[in-house]
Amino acid sequence: MPDPFDLDDDGPQPSPSAPVQIAPPPAMAMPWLDGLNADQRRAVEATEGPVLVLSGAGTGKTRVLTTRLAFILVTGKARPWNVLAVTFTNKAAREMRERIATLVGPAAEQLWLGTFHALGVRMLRRHAALVGLESNFTILDTDDQLRLLKQLMDAERIDGKKWPAQVLLSTIQRWKDRGLAPQRVSAGDAGDLAGGRAIALYELYQERLKALNACDFGDLLLHCLTIFQDPAHAGILADYQQQFRYILVDEYQDTNVAQYLWLRLLAQKHKNLCCVGDDDQSIYSWRGAEVGNILKFEQDFPGAQVIRLEANYRSTPAILATASGLIRHNQGRLGKTLRPGHQHAEAGERVLVRGLWDGEEEARWVVEEIEAQQRAGTRLGQIAILVRAGFQTREFEERLITTGVAYKVVGGLRFYERQEIRDALAYFRVVVQRADDLAFERIVNLPKRGLGDASLQAMHVLARRQGVCLTEAAAQLVQTDELKPKARSVLAALLGDFDRWRSMLDGLPHPELAGTILDESGYTGMWQQERSPDAQGRLENLKELVAALEEYDSLPGFLEHVSLVMENDERSDAERVSIMTLHGAKGLEFDVVFLPGWEEGVFPHQRALAEGGVKALEEERRLAYVGLTRARRRVFISHAANRRIYNQWQNSLPSRFIEELPADSVDRLAEQGLFGGAAESATAWAASWNSVTPVRRQRQDVTTPSVAGDAPDDGYRPGDRVFHQKFGYGRVLGVDGNKLEIAFDKAGQKKVIDSFVAPA
């Protein structure tokens, strides 16, 4: 059977010997239209001109896309090879092709349907010579790209420690996401990156790729844009514009600038561009997505129809009201309101917002609720815990293991299986057990110390010959000339470090010792210098690991616990609770969803707010909306008054998003005395959620003194002088319960909670 994607140089038409049969032939034989609601049918039948389908969560967008494609083919508006359909994942493309095949038969195989990358490479292989490549070019993965860039930086004598190659590579990829070839990058865009030589390195990188007959993923569209925008090759773009009478795009809110430009160029002739997306679910700006693409659709394509799919067939009315009420606080949106798609749908149970004392109690409560849901008949596979950051998973994993509730971490490894955690544990194991060869071998050259394979082999040979552990063999080798001087020096220093850390086992609190080991070994510094997208998350996980030690009497006791945890591996086919990040949950759905950690600084994430301001806050709110709309039946939101983050206790204010939830669809419950009472309103919980960054404070059972002092016995009064860690000195203007109105000397007038200040 011929490959439908194997195109000859004469054009993209299929071979005459392989006629395409579209079934069913008569346009009226389309019973699959009858199951659509009015808005869905409009989106299917509005085939001419630009169309934006604003598809809210759970409103059947995949069904609309596949039915629209089938409608175009069955009504004879276009042949399969005249339709371009773009998705973001291979899985989505495969599922869409399978669904269309059930509607129209083998014609589905002739569609130009795939991801941006797959379609880009298909075009580029036909025209590779126009950008200096051969048609059999190689596509490099991230490791190869990084290795190539490091070689170029070394050749140009650019300090890789001061200017990490990963930072430069990420910048180059962002430029490619914006459709910028080296000659189009401005000096302002480049700044002083790589000592002001970032653009030159970008040029060298592209030249080297061509010399290797290779591309990276960003090139697959960038080279297409170069060809399409070159007047000398205008005929190529014209041919594609003529060919693609209809273009359909899924998840349009996630497109970057290069993808937008590519689509815009291809759609210029027929202008039959249908983009399906949800501006309220645009959560990937950190990887180049530009929400402005969907917000400006009507400006970019005059006369466009905007069709809103608002009938949700997933969630209860109470969940929909909560999600819609929250997202209305975003200004940068086109606007839509989800409503139940099923007539006479019961409202369902309200969203429960639960305030708890600390993170440990939160984990205990969540697992107790999971067990209650399971007893009520909910399968574990239909329950999910969705967190804002990966470090949050540990306490839930620990509790689930303790109670024997099966779970899986989706889109990532379980906490103790992560690379950085295994590395850190290896350091701890060698300190506790000098003869742990596997652990020693794992970290002897991590971070890089200049100990190569030859040094390790020498240790192994001596260890086998004398029947001793690797550490003992290493101790003997550093006293001989078997190793090169540099290797002897760094190995002796490492062994000395282990001896010193070992001597601290009984005298230094083990969490402090763990932090000391990670810092003095250079392991923490290695990730601090790394500028890859996941480096910050790895550092957060290491800090969470150190925090976990607080719960155990000793470092050996903790390592024993971890060993038992690692053995806890349920059968892969068992029903399990899913734990994942909110970003990873997009596109999924569950009966019951838990959303823990809704506190200022955790969610919305402090780093996002510090770096992105209002724009970042709106994306964080969209992320909250995504979390809420994953649930079919129940949503549980939780927040803790005190949370140990990175081994330090801090007072935590409830997330501003809790204040924004509509009161008539939410039940709030907190421990008596926590946030002002058992069922007090969100407004009364904290008057200053939008203006105060929580100060770090030790829990009462920890001996380290609190950052904020105790309030006077009779409370604060107007005129009192106070000190706040963030805002400095000020004078109390007014008192409302535990909220103070304070005129700070430098920060101006603020509302704060009394426990966050001390008498001055």
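This report describes selected features of a predicted model, from its nonpolar cores and open sheet to its pockets, cavities and backbone geometry.

**Nonpolar cores**

The largest nonpolar core contains 50 residues, and Phe428 and Phe440 have the most contacts inside it. Helix α17, spanning residues 419-432, makes the greatest contribution to this core, supplying eight residues. When neighbours within four places in sequence are left aside, Phe440 is in contact with Val430, Met459, Leu470, Thr471, Ala474, Leu491, Leu495 and Phe498.

**The five-stranded sheet**

Five strands make up an open antiparallel sheet, in the order β22-β21-β20-β19-β23. Strands β22 (748-753) and β23 (757-759) are at the edges; each has a single partner strand, so one side of each has no neighbour in the sheet. From one strand to the next, the twist averages 45°. Strand β21 (residues 739-744) runs antiparallel to β22 and is joined to it by six bridges. Leu740, for example, has Val752 in β22 as its bridge partner. In general, the strands of a sheet pair through backbone hydrogen bonds, in either a parallel or an antiparallel manner.

**Pocket and cavities**

The second largest pocket has a volume of about 970 Å³. Its lining consists of 24 residues, and Lys150, Lys448, Met526, Gln529 and Glu530 are the ones nearest the centre of the pocket. Helix α5 has the largest share, with six residues.

The model also holds three cavities of 30 Å³ or more. The largest cavity has a volume of about 100 Å³. The residues lining the largest cavity are Gly359, Glu362, Phe391, Gln392, Arg394, Glu395, Phe396, Glu544, Pro596, Gly597, Arg643 and Arg644. At least two lining residues come from each of α15 (359-375), α16 (393-403) and β16 (631-645). Of the elements that line the largest cavity, α16 gives the most, with three residues.

Apart from neighbours within four places in sequence, its contacts are Leu149, Tyr202 and Tyr205. Ile172 and Ile199 are 27 residues apart along the chain, and their C-alpha atoms are separated by 8.8 Å.

Arg621 belongs to helix α27, which covers residues 606-628. This arginine counts as buried because its relative accessibility is 4%, and buried means under 20%. With neighbours within four places in sequence set aside, Arg621 is in contact with Leu326, Ile327, His329, Asn330, Phe657 and Glu660.

**Backbone geometry**

Most residues other than glycine have a negative phi, and most peptide bonds are trans.

| Site | Backbone feature | Value |
|---|---|---|
| Leu446 to Pro447 | cis peptide bond | omega near 0° |
| Phe603 to Pro604 | cis peptide bond | omega near 5° |
| Ala194 | positive phi, not a glycine | phi of about 55° |
| Asn213 | positive phi, not a glycine | phi of about 55° |

Ala194 is located in the loop between α7 (187-190) and α8 (198-211). Because its relative accessibility is 3%, Ala194 counts as buried. Asn213 occupies the loop between α8 and β5 (214-215). At 16% relative accessibility, Asn213 also falls under the 20% limit and so counts as buried.

Key:
Residues are numbered from 1 along each chain as its sequence is written. This is a predicted model: local features need pLDDT of at least 70, side-chain atom pairs count only at pLDDT 80 or more; totals for chains, interfaces and linings use all residues. Side-chain values use heavy atoms; hydrogens and water are left out. Helices (H or I, at least four residues) and strands (E, at least two) are DSSP runs, numbered from the N terminus. Buried means under 20% relative accessible area, exposed over 50%, partly exposed in between (1.4 Å probe, protein chains only). Contact means heavy atoms within 4.5 Å. Two strands pair if DSSP finds at least two bridges between them. Axes are lines fitted to C-alpha atoms, for helices over the stretch in contact, and angles run from 0 to 180 degrees between N-to-C directions. A nonpolar core is a set of buried Ala, Val, Leu, Ile, Met, Phe, Trp, Tyr and Cys residues joined through side-chain atoms within 4.5 Å. On a 1 Å grid over the protein atoms alone, a cavity is a set of points where a 1.4 Å probe fits but cannot get out, and a pocket is an open set with protein on both sides within 12 Å along at least five of seven lines; lining residues have an atom within 4 Å of a point. Grid points are joined across faces, edges and corners, and a volume is the space filled by probe spheres set on the points.
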